[in-house]
Amino acid sequence: MNKSTGKCYLAWATDEKTRERGSSGGFVSAALAAALDKGIVERVLVLKKHGVFKGTPTVTSDPKEVLDSAGALHMTAINLAKYVDSDVRIALPAKPCDARGAIERAKRNQVNLDNVYMVGLNCAGTMHPVKARKMVKEIYNLDPDAVLSEEVSKGKLIIKTSEGEKSIKIDELERQGYGRRDACKYCSINIPKMTDLACGNWGVPHDRKATFVEVLTEKGEEIFKNAVDAGYVECEPASDKSIETREKIDQAMKKLAHEWHEKLFEPINKLSDSERLEYYINAFASCTGCGACKKVCPPCPCGEDAKCTMTEFQSEAHRIHMFNMVRLLHLMDSCIGCGRCEDVCPASIPLTMIHMRFTERIQKKLDHIPGIDMKKPPLFETELREVQND
Amino acid sequence: MKGFVPKIVAFCCNWCSYAGADMAGVSRMQYPPNIRIIKVMCSGRIDPIFVLMSFMEGADGVLVTGCHIGDCHYINGNYKTQNRFEVLSEMMNELGLEKERLRLEWISATEGEKFANMVKETVEQVKKLGPSPLKPVIE
């Protein structure tokens, strides 16, 4: 990783349509399109929108398609890291977990980070599409298929249909068991400091439609400068007040994440050792061995057949699944807590929470947080030391 | 538990700890016959999965042994073992398997006595703990 240049700007798209579509000034889409247009990158990985509940990862070389994808999708849960094909220079908008996934994949030689330009997005969490549909139906009393757009503003989730809009506080939704995914609730990495540019609406004055941009690396500066020079983006330096506000929001989100962590982990925390074993045995007992969690896992570089699937014996699985044991073991130094495994699990096993429990032990013991920098994972690291023979 | 005979799986590397076990035998040292030794070329060959598999197959305890740090026949095999052991022992802690069931020990070819004592201690400890909760139930 290059050293942070730490310059902060307020930026917005010049094109009015993009500015309108984007959730905060359309800077990200405009910068990605500009990078593609001027040949800094050859491909851009974006989420193609299909309504508000569905987005498909699409690799494109058409700046128009990039601009069309403008605007946040809070009600999809997808991690882009597995779709990064770094044979050519590629740019992508990256939430912290996308970026961390890409970095963990780079450590396993799946991604060449030299070719990857990450435009980071501040993230306070996403929602599971199935649960979000249910929420719209039951809490908002709206038809999920009639939803035209959604927006998160000042802690409220605003749902718009042709008949009007309705907004409810996210805290209130979460009290009723809806809202963000569990993994997002206790995730404390909201500003993607590991990417090239960190963008978001935190710190932007309320009356402005703009994006707060922090330039973090030389590659980030390249993208930012290019977007301004090509006329896609206008900018002004961010005021000290903006920087301060952003920092404050980040701290508040971290605190909230910590509280959720305590709350959601409490039922397991209070178990004794033998009770915990029983808990894990019961939790994994409903595993069908479908392998969906392995397929979507960003740090897992394995193909179809891997140690976890090859050592699994269904006939022995009534005690505990070897599949899950091997996955726990392999992810102990690399789980980024993105929550994808939990999302796709057909048996609704709280996989991410379980993985986080195992991972956090190693993180604490070895002071290693996965996906933040290119530091080698502990399981890869073998050092030779001089040994004094007595 | 009455009449409980623990099963201990011991992984020994070809160059040091297996020779250490040999030494214990040649020197006629007494130690409990509860262990099943699996010889591997190097302790670096011991995948943590082997240990998990041993527990699944009915082991009550697992011993991982290798050459002393710096003495590895393959230069750095036992460093790898050490890294893996650190991760594995944390995993055992979180799973709720007693950590006394798993032990890492460096044993050289001359340390027959250390080998015998280690087996004695482990068998006693595991006897106190009782059968492993992951043991298959045979009716």
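This is a predicted model: local features need pLDDT of at least 70, side-chain atom pairs count only at pLDDT 80 or more; totals for chains, interfaces and linings use all residues.

Biologist: At what angle do helix H1 and helix H4 of chain B pack?

Modeller: Helix H1 (residues 17-26) and helix H4 (residues 112-129) of chain B pack at about 90°, and their axes are 7 Å apart. Axes are lines fitted to C-alpha atoms, for helices over the stretch in contact, and angles run from 0 to 180 degrees between N-to-C directions. Helices are DSSP runs of H or I with at least four residues, strands are runs of E with at least two, and both are numbered from the N terminus. H1(B) and H4(B) are therefore roughly perpendicular to each other; angles of 65 to 115 degrees count as that, under 35 as roughly parallel, over 145 as roughly antiparallel and the rest as oblique.

Biologist: Which residues make the contact?

Modeller: B:Gly20, B:Ala21, B:Met23 and B:Ala24 of H1(B) meet B:Gly112, B:Phe115 and B:Ala116 of H4(B). Two residues are in contact if their C-beta atoms, placed from the backbone, lie within 7 Å. By class, five residues of this contact are nonpolar, two polar and none charged. Nonpolar covers Ala, Val, Leu, Ile, Met, Phe, Trp, Tyr, Cys and Pro, charged covers Asp, Glu, Lys and Arg, and the others, Gly among them, are polar.

Biologist: Thanks! How many helices and strands are there in chain B?

Modeller: Chain B has four helices and four strands, running β-α-β-α-β-α-β-α from the N terminus on. Its radius of gyration is 15 Å, close to the 14 Å that the globule rule gives for 139 residues, so chain B is as compact as a globular protein of that length. That radius is taken over C-alpha atoms, and the rule is 2.2 Å times the number of residues to the power 0.38.

Biologist: And what share of chain B is buried?

Modeller: Of its 139 residues, 53% count as buried. A residue is buried if 20 or more other C-beta atoms lie within 10 Å of its own, exposed if 12 or fewer, and partly exposed in between, with C-beta atoms placed from the backbone.

Biologist: Why does B:Ser89 count as partly exposed?

Modeller: Because B:Ser89 has 19 other C-beta atoms within 10 Å. B:Ser89 sits in helix H3 (residues 77-95) of chain B and touches B:Lys99 and B:Leu102, leaving aside residues up to four places away in sequence.

Biologist: Switching to chain A, what does it contain?

Modeller: Chain A has 15 helices and eleven strands, and 45% of its 390 residues are buried.

Biologist: How many residues does each chain give to the contact between them?

Modeller: Chain A gives 29 residues and chain B gives 22. On the side of chain A that touches chain B, 15 residues are nonpolar, three polar and eleven charged.

Biologist: Which residues meet where H13(A) touches H2(B)?

Modeller: A:Met322, A:Met325, A:Val326 and A:Leu329 meet B:Pro48, B:Ile49, B:Leu52 and B:Met56.

Definitions and conventions. Residues are numbered from 1 along each chain as its sequence is written. Chains are lettered from A and ligands numbered from 1 in the order in which they are written.
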